[in-house]
Amino acid sequence: PEVVTPSETTPEEITFSDIDDAKWAEEAILSLAEKGIVSGDGDGTFAPLRNAIRAEAAQMIYNMIMAC
């Protein structure tokens, strides 16, 4: 998994080509991406139906802490 740190992004920059696979989570995913907590898979996808691995979960927790 790609390690990223929280960053400033604008909502126009955030798109995931597979977000329609989980419409129920779209708002939360985009909100977290806007805050730099999640970033997707680096290829323009988010894989919303895939389970996060331990390293991804740890990175999200770290990013949440750093964003506060």
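1. Salt bridges, the rule and the count. A salt bridge here is a side-chain nitrogen of Lys or Arg within 4 Å of a carboxyl oxygen of Asp or Glu. By this rule the count comes to 4 salt bridges. Please keep in mind that this is a predicted model. As background, side chains of opposite charge can pair when their charged atoms come close.

2. The overall picture. The chain has 2 helices and 0 strands. Of its 68 residues, 28% are buried. The accessible surface is about 4800 Å², and carbon and sulfur atoms account for 58% of that area. If we take the contacts between residues at least 6 apart in sequence, 65% of them join residues at least 24 apart.

3. Lysine 23 and its partners. Which residues pair with lysine 23 in salt bridges? One partner is aspartate 20, with the closest N and O atoms 3.3 Å apart. Another is glutamate 26, where the closest N and O atoms are 2.9 Å apart. Both lysine 23 and aspartate 20 are exposed.

4. Arginine 50 with aspartate 41. These two side chains also meet in a salt bridge, at 3.1 Å from N to O. Arginine 50 has a relative accessible area of 39%, so it counts as partly exposed. Aspartate 41 is partly exposed too, because its relative accessibility is 33%. Returning to the bridges of the previous point, shared partners join Asp20, Lys23 and Glu26 into one network.

5. Threonine 45 in the loop. Is threonine 45 buried or exposed? Threonine 45 sits in the loop between helix 1 (26-34) and helix 2, and it counts as buried because its relative accessibility is 19%, with the cut-off for buried being under 20%. Its side chain makes a polar contact of 2.5 Å with the side chain of aspartate 43. Leaving aside residues up to four places away in sequence, threonine 45 touches Phe16, Ser17, Asp18 and Gly40.

6. Alanine 47, a backbone angle to look at. Alanine 47 is also found in the loop between helix 1 and helix 2. Its phi is near 55 degrees, a positive value in a residue other than glycine. Alanine 47 has a relative accessible area of 19%, and therefore it is buried.

7. Serine 31 in helix 1. Where does serine 31 lie? Its place is in helix 1, and it is partly exposed because its relative accessibility is 28%. Serine 31 and isoleucine 14 are 17 residues apart in sequence, while their C-alpha atoms are 9.6 Å apart in space.

8. Which residues make the nonpolar surface patch? They are Ile61, Tyr62, Met64, Ile65 and Met66, and the patch covers about 500 Å². Isoleucine 65, one of these residues, lies in helix 2, which spans residues 54-67. Isoleucine 65 counts as exposed because its relative accessibility is 57%, and the cut-off for exposed is over 50%.

Note on methods:
Residues numbered from 1 in each chain as written. Predicted model: local features only at pLDDT ≥ 70, side-chain atom pairs only at ≥ 80, totals over all residues. Heavy atoms only, no water. Patch = residues over 30% accessible without salt bridge, like charges linked within 9 Å, V, L, I, M, F, W, Y side chains within 5 Å. Areas by Shrake-Rupley, 256 points an atom, 1.4 Å probe, with all protein chains shown as cover. Helix = DSSP H or I, 4+ residues; strand = E, 2+ residues; numbered from the N terminus. Buried < 20%, exposed > 50% of the residue type's maximum accessible area, 1.4 Å probe, protein only. Polar contact = N/O pair within 3.5 Å; in protein donor to acceptor, adjacent residues only side chain to side chain. Contact = heavy atoms within 4.5 Å.
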